[in-house]
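Subject: Structure handover

Hello,

Here is the structure for your files. Notes on what was found in it follow below.

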Amino acid sequence: MASEPATAPKASPYIDAALAVVSASIIAYGVLVLRWPVFIVMALFWFENVVIGGFNVLRMLVSGIRMGPAGLVGACAMSAFFTLHYGLFTAVHGTFVVMMFGVAELGREAMNGGLLPPVQRMLGHMMADRDGWLAMLAIVVVQGVAFVRWSVETREQPAPLKELMGAPYGRVMILHITLIACGFLVMSLKAPVLGAILLVALKLGYDLVTLKRGPQQRREPAAQGQASRVLMAGRRKPG
């Protein structure tokens, strides 16, 4: 009886890890065989941020539904604000990627027209290639599996909406500052293929560490908070 629940949580991280490896392998294939430049690699990583934001909206809505009618109203309001704020954030980030890495591929006219035109040209450039579609689909599948896993893990206890609201930003900032710095290094060394593979390896390593530690780190603060409340309650009791 006790062994069956213990095996299910252990299987999902391996599934997530396998999908992350498949996604990275597709991008590595594009770099080695199809000669994708660093720009395409960075564009795919940016697209992953967009997908993460979309699934984060679903997380907020699912958590709101689990909290009841009032929770759903709050989740709709917060998800709308998140969509606007995170959408602007990723638009700026995408324009930054085009400006730094995509001018050679898209031309200088790609930077004309504000925030959205560079992002639209970057997406169009990736979608024009069948293999680019495959890489984008792999990213969606990986994040979709992560969403299903999260839904199962939190079915008994809805995730706090405020916590979900800011969840994607830390990952985007830490990972992509590192990737952009490495991208500059790659371009300065004039080794685009090797550099792109290093970027893929760096990203895959980050994903594997996140998949391994993420669920545990999400549970530990709650457990620590519960323990601290118990201790504080014990101290308030008269001796």
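**Cavity, fold and surface**

The largest cavity has a volume of about 100 Å³, where a cavity is a set of points on a 1 Å grid over the protein atoms alone at which a 1.4 Å probe fits but cannot get out; points are joined across faces, edges and corners, and the volume is the space filled by probe spheres set on them. The model is predicted: local features need pLDDT of at least 70 and side-chain atom pairs count only at pLDDT 80 or more, while totals for chains, interfaces and linings use all residues. Residues are numbered from 1 along each chain as its sequence is written, and side-chain values use heavy atoms, with hydrogens and water left out.

The structure holds one cavity of 30 Å³ or more. Its lining (residues with an atom within 4 Å of a point) consists of Ala20, Ser23, Ala24, Ile27, Phe45, Glu48, Ile139, Val142, Val200, Lys203, Leu204 and Asp207. Helix H1 (3–32), helix H2 (38–67), helix H5 (130–153) and helix H7 (192–236) each give two or more residues to this lining.

The protein has seven helices and zero strands, taken as DSSP runs (helices H or I, at least four residues; strands E, at least two). Of its 239 residues, 41% are buried, meaning under 20% relative accessible area.

Leu115 is in the loop between helix H3 (69–106) and helix H4 (116–127).

Regards

Methods. 1 Å grid on protein atoms, 1.4 Å probe; cavity = no way out; pocket = protein on both sides within 12 Å on 5 of 7 lines; lining within 4 Å. Buried < 20%, exposed > 50% of the residue type's maximum accessible area, 1.4 Å probe, protein only.
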